[in-house]
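Welcome, and please take a moment with the sequence and the model.

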Amino acid sequence: MKAVVITTSGGPEVLQLREVEDVAAWDGEILIRVTATALNRTDTLQRKGAYQLPPGASPYLGLECSGVVEAVGKGVKRWTIGDQVCALLAGGGYAEKVAVPAGQVLPLPSGVSLTEAAGLPEVACTVWSTVFMTSRLSPGESFLVHGGSSGIGTFAIQIAKHIGAKVFVTAGSAEKLAFCKDLGADVCINYKTEDFVARVKEETGGKGVDVILDNVGGPYFQRNLESLGVDGRLFIIGFQGGNTTQANLGPLLARRLTVQAAGLRGRAIEDKARIVAEVEKQVWPAVEAGRVRPVIHCSFPLAQAAEAHRLMESSAHTGKILLLPS
Ligand SMILES: NC(=O)c1ccc[n+]([C@@H]2O[C@H](COP(=O)([O-])OP(=O)(O)OC[C@H]3O[C@@H](n4cnc5c(N)ncnc54)[C@H](OP(=O)(O)O)[C@@H]3O)[C@@H](O)[C@H]2O)c1
């Protein structure tokens with residue numbers, strides 16, 4: 001089979017489509033012939049050699065895919081050859097075929113094309129497991145997502161609106177904010193020209209928001225604490241601005257704040273299966289009802305993975321970037 005290989009750590013040019021050894025489905029796994037895979041920000045870190053792979057993960061990039069089941073390993077009951085699916089992967093999506101534990105596989109939701117479905121598993125599982133399963137965002141509450149036009153952000157806006165939350169976003173340009181507004185965001189803040197803490201306070205009558213999903217880390221930590229109301233919850237999923245900071249912890253105590261952080265990729269297979277099952281139960285009906293859709297910026301042939309990485313690192317995209325093996 002063909003797969004994109006990281007020939008050496010470095011810039012996008014190190015990504016090359018090569019002939020590699022075929023993968024097979026082991027016990028409890030299925031083999032998917034990949035229709036599409038989607039980029040995630042972490043892929044760029046892995047390419048640079050700045051990401052520690054979880055034990056047993058494929059050496060190839062790609063944390064999600066859609067495609068058709070080509071083989072079924074021993075013990076797998078739910079899936080059969082020919083099923084159209086999408087899946088959460090620990091790696092290996094930038095290839096013609098990928099093997100994945102059966103519990104990380106989702107059926108193709110009705111109303112979504114097999115190609116577009118590649119952009120759903122990682123954002124749905126990340127946002128559902130953090131904002132909803134952990135931080136318990138509830139109807140009537142307020143929610144701030146940083147990087148509203150990112151793959152994660154575009155999904156988070158839609159699902160939070162669907163459950164009845166008031167949605168605040170930050171992004172770095174007027175065009176990106178207009179895009180977020182079209183997706184349903186209520187309060188759109190340009191972090192380059194506005195102080196998001198002041199704007200959150202103004203829009204909430206000084207109260208602050210209930211939940212924040214953060215991808216920036218250190219530089220936003222204090223300001224995120226200042227933006228949360230009583231019993232507020234901060235969930236950190238990325239360190240795009242760095243992972244160190246010095247902070248005044250006073251707001252944690254004064255307003256009973258909760259701070260959590262987690263990565264999805266390194267979780268145990270059983271843990272991922274539990275999240276995927278919840279996503280199928282809670283999120284798939286919203287997708288099938290047309291309330292939440294995959295937001296696809298564009299797609300590239302798999303052989304142009306380097307071009308796709310350049311686009312992601314330019315941050316000019318809104319939503320997901322796909323790679324198509326054929
Ligand atoms: N923990 C997990 O399990 C998990 C899972 C998936 C993703 N993530 C994280 O979630 C984040 C979004 O991922 P994605 O794949 O959706 O990425 P993405 O589509 O590339 O979006 C990242 C966005 O972050 C903004 N950004 C970039 N550098 C920034 C900075 N220094 N300060 C503020 N904003 C910045 C950019 O928007 P602007 O132009 O508006 O700045 C960009 O659109 C990443 O940090 C990723 O690592 C974590």
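Predicted model: local features only at pLDDT ≥ 70, side-chain atom pairs only at ≥ 80, totals over all residues.

**Helix 2 and helix 8**

Helix 2 (residues 121-132) packs against helix 8 (residues 269-282) at an angle of about 95°, their axes being 9 Å apart. Helix 2 and helix 8 are therefore roughly perpendicular to each other. Angles of 65 to 115 degrees count as roughly perpendicular, those under 35 as roughly parallel, those over 145 as roughly antiparallel, and the rest as oblique. Axes are lines fitted to C-alpha atoms, for helices over the stretch in contact, and angles run from 0 to 180 degrees between N-to-C directions. Helices (H or I, at least four residues) and strands (E, at least two) are DSSP runs, numbered from the N terminus.

From helix 2, Ala-124, Cys-125, Trp-128 and Ser-129 meet Ile-275, Val-276, Glu-278, Val-279 and Gln-282 of helix 8. Contact here asks for C-beta atoms, placed from the backbone, within 7 Å. By class, six nonpolar, two polar and one charged residues make up the contact of helix 2 with helix 8. Ala, Val, Leu, Ile, Met, Phe, Trp, Tyr, Cys and Pro count as nonpolar, Asp, Glu, Lys and Arg as charged, and the others, Gly among them, as polar.

Residues are numbered from 1 along each chain as its sequence is written. The chain averages a pLDDT (the predictor's confidence in each residue, from 0 to 100) of 98, and 100% of the residues score at least 70.

The chain is divided into domain 1 (2-122 + 265-324) and domain 2 (135-261), with bounds from an automatic or database domain assignment. Their C-alpha centres lie 27 Å apart. Eleven residues of domain 1 are in contact with nine residues of domain 2.

Where does the ligand lie? Domain 1 and domain 2 both give residues to the shell around the ligand, so it lies between them. The ligand is surrounded by 24 residues, the closest being Ser-150, Gly-151, Gly-172, Gly-238 and Leu-264; a residue is near if its C-beta atom, placed from the backbone, lies within 6 Å. By class, this shell has seven nonpolar, 14 polar and three charged residues.

**Helix 5 and helix 6**

The axes of helix 5 (residues 196-203) and helix 6 (residues 218-227) cross at roughly 10° and come within 9 Å. Helix 5 and helix 6 are therefore roughly parallel to each other. Phe-196, Val-197 and Val-200 in helix 5 meet Arg-223, Glu-226 and Ser-227 in helix 6.

Definitions and conventions
Contact = placed C-beta atoms within 7 Å.
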